[in-house]
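Got the sequence and the model open side by side?

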Amino acid sequence: MNVESIQALLQRFSLFKDLTNAEIEPILDLAKNRLYRQGTHIFMQDDPLTNVYFIHQGQIKIYRTDMQGKEQIVNVLGEGEMFPHMGFFRKGTYPAHAEVLEDAILIYIPIHLFEEFLKTNPEICVKIFRILGDKIVDLQNRLEEKMLHNTYEQIILLLIRLVKSHGKKFDDDHYIFTTQFTNRDLANMIGSSRETVSRTLTSLKKSKLISSDPTGNIILNIDKLKDELF
């Protein structure tokens with residue numbers, strides 16, 4: 001990728017979108033890019049934290065494993081997203097695994113170089129901290145979902161959240177997923193069981209809150225799903 005393409009990509013991300021051409025130019029000098037093949041891992045949980053990644057194309061699964069080897073999906077990320085979200089401002093190791101679900105082109109920035117850049121550019125540092133504040137609010141909202149809602153409601157909230165990043169408008173009242181998630185994937189995202197997710201989706205279909213297209217993609221009536229939460 002040439003410099004112009006990298007700049008266009010980075011400025012699509014909330015982290016850099018408010019930076020002027022002059023402000024982002026030295027960041028472009030730090031950025032590198034690479035093609036990652038499906039099935040490979042970009043990093044493993046507890047590997048030394050060295051880079052922050054930005055997705056130009058492809059899909060990345062972020063997941064954790066416990067002492068028994070059980071997998072919990074944290075997120076499935078696509079074009080226009082970054083990971084790990086707080087990587088630029090923490091020390092230590094990666095908090096999860098990152099696996100390539102489909103061939104991906106990633107831009108990555110070494111953390112130690114980015115930190116040195118921010119030390120000499122405090123105005124840019126302030127802009128970036130404001131954006132990261134929004135990310136923290138999103139994570140707080142997810143924690144509240146876990147604490148304040150039962151499993152049925154958590155699954156509805158998960159579907160609504162996922163369709164924002166992995167869906168599109170289907171008709172006047174419905175949205176459709178553009179990414180297929182298995183019941184196991186959905187269960188791992190909220191720490192539930194595949195059987196519970198399966199029963200809940202069946203119940204939602206009987207209530208005509210969701211349906212499926214011929215290829216199995218979930219179609220959602222967002223307004224009716226939201227009504228289920230109140």
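What follows is a short tour, one region at a time.

## Ground rules

This is a predicted model: local features need pLDDT of at least 70 and side-chain atom pairs count only at pLDDT 80 or more, while totals for chains, interfaces and linings use all residues. Residues are numbered from 1 along each chain as its sequence is written, and side-chain values use heavy atoms, with hydrogens and water left out.

Helices (H or I, at least four residues) and strands (E, at least two) are DSSP runs, numbered from the N terminus. Two strands pair if DSSP finds at least two bridges between them.

Start with strand 6, residues 97-110. It is mostly covered, with 10 of its 14 residues buried (buried means under 20% relative accessible area, exposed over 50%, partly exposed in between, using a 1.4 Å probe and protein chains only). Strand 3 pairs with strand 6 in the antiparallel sense through 11 bridges, and Val 52 has Ile 109 in strand 6 as its bridge partner. Strand 1 also runs antiparallel to strand 6, over 5 bridges, with Tyr 36 opposite Ala 104. Strand 2 (residues 41-43) joins strand 6 through 2 bridges, again antiparallel, and here His 41 stands opposite Glu 99.

Asn 33 sits in strand 1, which covers residues 32-36. Is Asn 33 buried or partly exposed? Asn 33 counts as partly exposed because its relative accessibility is 31%. Leaving out residues up to four places away in sequence, Asn 33 touches Met 1, Ile 6, Leu 106, Ile 107 and Tyr 108 (contact means heavy atoms within 4.5 Å). For a sense of scale, Asn 33 and Leu 186 are 30 Å apart, C-alpha to C-alpha, and 153 residues apart in sequence.

Strand 3 (residues 51-65) and strand 4 (residues 71-77) run antiparallel and are joined by 6 bridges.

Look down helix 3, residues 111-119. Its buried residues are Ile 111, Phe 114, Glu 115, Phe 117 and Leu 118. His 112 and Lys 119 are exposed, on the face of helix 3 turned away from its buried side. As background, an α-helix has 3.6 residues a turn, so residues three or four places apart point the same way.

Strand 7 pairs with strand 8 (residues 175-177) over 3 bridges, antiparallel, and Lys 168 stands opposite Ile 176 in strand 8. In the loop between strand 7 and strand 8 you'll find Asp 171. Asp 171 is partly exposed, with a relative accessible area of 32%. Asp 171 and Ile 219 are 48 residues apart in sequence but 10.0 Å apart in space, C-alpha to C-alpha.

Glu 153 is buried, at 17% relative accessible area. Beyond its neighbours within four places in sequence, Glu 153 is in contact with Leu 148 and Leu 229.

How do helix 5 and helix 6 (residues 183-190) cross? Their axes come within 10 Å and cross at roughly 105 degrees. That makes the two helices roughly perpendicular (angles under 35 degrees count as roughly parallel, over 145 as roughly antiparallel, 65 to 115 as roughly perpendicular and the rest as oblique). From helix 5, Gln 154, Ile 155, Leu 158, Leu 159 and Leu 162 meet Leu 186, Met 189 and Ile 190 of helix 6. The residues of this contact divide into 7 nonpolar, 1 polar and no charged (Ala, Val, Leu, Ile, Met, Phe, Trp, Tyr, Cys and Pro count as nonpolar, Asp, Glu, Lys and Arg as charged, and the others, Gly among them, as polar).

Conventions: Axes fitted to C-alpha atoms, helices over the stretch in contact; angles between N-to-C directions.
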